[in-house]
Amino acid sequence: MTISITLTTALVDLHQLGVARVGPITSRKLALALAGLRGKRKLEDVRIEDLLNYLPMRYEDRSNLTTIRDLRPGLEASLELSVKVAGGFQVGKKRVFGNPKLFKYEVSATDPARTGRPVLVWWFVSGTHARDILNYYNKRFIRGARFITFGRWDWDDRRGTFALQLHKPADELEMLTAQESGSESLQTVEEDEVADDLEGEPDQALARIHVGRTVPVYRKLGDFSSKRLREIIHGVLAAIADKDLSETLPADLRERQGIIERARAFREIHFPPSEAKLAQYAEQRSPAQIRFIFEEFFWLAFRLLMKRGQRVKDEKGAVIRIDQAIKMSIAAVMPFKLTKAQRRVVVTIFKDLQSNAPMNRLLQGDVGSGKTIVALIAMLAVMENGYQTALMAPTEILAEQHARNIKRLLAKTSYRVELLTGSLKASEKRRLRSDLSTGEIDAIIGTHALIQESVAFKRLGLVVIDEQHRFGVLQRAELRTRGLNPDVLVLTATPIPRSLAMTVYGDLDVSVIDELPPGRTPVDTKVFGEDRRQEVKRLIHREVKNGQQVYVVYPLVEESEKMDLMAATKRYEYLREHVFPRLKIGLLHGKMKPTEKEEVMRGFVSGSIQILVSTTVIEVGVDVPNASVMIVEHAERFGLSQLHQLRGRVGRGAEKSYCILLTSDKKTSIAEERLGIMSQTTDGFVIAEKDLELRGPGELLGTRQSGLPELRLASLIRDQDILGRARQEAEFYLSSREKSDATTRMIKQVEADARFELAGVG
Ligand code: ADP
Ligand code: MG
């Protein structure tokens, strides 16, 4: 009796479904392997869909196998071969302590039509079980055994024939003859497994799955070889009806976007049709792959937008009123005329503040684009309404700078602005906390320790989070759990390509300041080796003589902060005593007391310190417009965004500025590439995109913190165009006021999935 297969059928039941050569043990083993991979706790929760989502790592064109005659050195090709002789022998020295013996396993084989001299296929075998492994191979590679192998063929001069080295024989070689058991493993084959092998179709029919066509190549899964997986998945796809490969995207969407049906996509992603172009597959651009990439993005966007829709229902405590009088009093403290971009953003933020849904806005703007003043305007509007505001910065130095500037700008107003950082005396912290809870403090500025150490507000209206988009999401959640629902504005100078930001921060609104304040000249960036230090010294002298100031920054060199400190301190002393004895040099690092830091920063701001030697504590946000030179030591050790941040410390005034990236000779090629990009562009968006490419989105966006799911097939970099289209479609369905039947169905589906996932967790 056979039951019909659907995507939700439990994989442990696969043997009941009439798939060739699959018995109960195979089903269980398969479910077990996939359970581990998908993080499912119960074996019964592993579905047919999980198996079909185990996608090929590549495809091999076996419709026309190469022959020995056609081999050329360097050619990548598949060959069908039959064994002449095979065997393993030890290479290298005797066993050294901790180093197991190394063997070479060599197979001499010829193609069926004997078109040339026998070729060599070989690989290394090592490890404590090397002897057993060699025995296992000897049993399989008997004379006449047929196999297919794929790889890059090279000419072996000494042996006078073509040779192919395999790195992962299990992935790169497949036996065609019946000697092979269902399992590639070295464990003894269980009896049931043998039974599995004997039932079902004869070997001949199975062989047609593996040759004479384009075949999928899978990464080994548990004990399952690529070949075995190909057979099983082929069997499942043959047994399942199109209608049971259930469609998740509406037909009209598919038509608009030219997206193929899910059933066809499942079939073609595993077994490309004969006319398929393999180059397209390699670039993830076959119709089947595009379909799944679209699907992933669509549901991601749909979920995020749904979440955003729910958010609107939250009511915030403070609806802000903004009238002419309030605008006038804000204008009274403005030190300069806003740029067009700044004004545009202010208008948007005012709208948010006046709405009765809480603001969740991400403000992106390149370094030096003037985000702080925009945040201050928002804070003022909120304070004018009698609510408190909080500004959180990533470092104490930055918090201190914000406090200094804001206190100065608001000196003539009646607002009380205070600085609260982790390193204040306990008694001072207590006093500030109490004044916050009674509402005597209007604006509190500090590091994020500010909210970690549960501060109570009397009536908190707005939280600004500076330079911390990674944690912005988290902190918002944290505030929420404490029963606070203020407006939130997150500032970031790590510009993220817009489509990406929309996805990752799907429940945040995004604004961009895409214009720098007037009078800036681009920073002149140079990458120098050690041999150009004299030039650097002359540049520093010249700039200081002209009344400008200089940063010298040291990277995190050692694992320990202490060691870094020593390096920076030593350099500082050396520069002070030997290089620039007549100039005023200051030292700044994270371990200094707040008062000491404050003093040094004040000295640098006032110009009494001409050269500031620093660790990376000044990386983010520090604003001293008179500084015109940024020297970065060991620049090769910094990431792109970090370098961009550092460079952003200069070029803030009208004077021409310089950024010198000093490097040692030991650069990696990635470091070289980074430095090259830095000297070519000052555009933060271009740099962010490159950074994304070089480092991957996880690190840049902190995706784990933001709860972004792993994408299986889709790439946030490669597939931005598809992402944009998917998002548009999600918006289309969710924005229609009268929810269509299709939308209602999709919402139900997402909610059901969420329940399913939660059930899995609980
Ligand atoms: P960031 O966006 O990197 O945080 P800041 O807010 O620190 O940049 O601003 C950089 C510098 O530009 C500051 O010195 C600030 O006073 C100045 N600035 C900001 N906006 C303007 C403007 N509209 N006109 C002139 N200077 C401005
Ligand atoms: Mg800033």
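Leaving aside its neighbours within four places in sequence, which residues is R361 in contact with? Before I answer, a word on what we are looking at. This is a predicted model, in which local features need pLDDT of at least 70 and side-chain atom pairs count only at pLDDT 80 or more, while totals for chains, interfaces and linings use all residues. Residues are numbered from 1 along each chain as its sequence is written, chains are lettered from A and ligands numbered from 1 in the order in which they are written, and side-chain values use heavy atoms, with hydrogens and water left out.

Now to R361, which sits in strand 10, residues 360–365; strands here are DSSP runs of E with at least two residues, helices are runs of H or I with at least four, and both are numbered from the N terminus. Contact means heavy atoms within 4.5 Å, and on that basis R361 touches T348, I349, D352, V488, L489, V490, L508, D509, V510 and S511. R361 counts as buried because its relative accessibility is 7%, where buried means under 20% relative accessible area, exposed over 50%, and partly exposed in between, with a 1.4 Å probe and protein chains only.

Let me turn to Q342, which belongs to helix 13, residues 340–354. With a relative accessible area of 2%, Q342 is buried too, and beyond its neighbours within four places in sequence it is in contact with S369, G370, I373, V374 and I513.

In all, 17 residues surround ligand 1, the closest being G368, K371, T372, R520 and D623, and a residue is counted when one of its heavy atoms lies within 4 Å.

Finally, consider strand 13, residues 443–447, where five of the five residues are buried. Strand 13 pairs in the parallel sense with strand 11, residues 388–393, over five bridges, and with strand 12, residues 417–420, over four bridges; pairing requires at least two DSSP bridges. A443 in strand 13 has T389 opposite it, and V417 also stands opposite A443.
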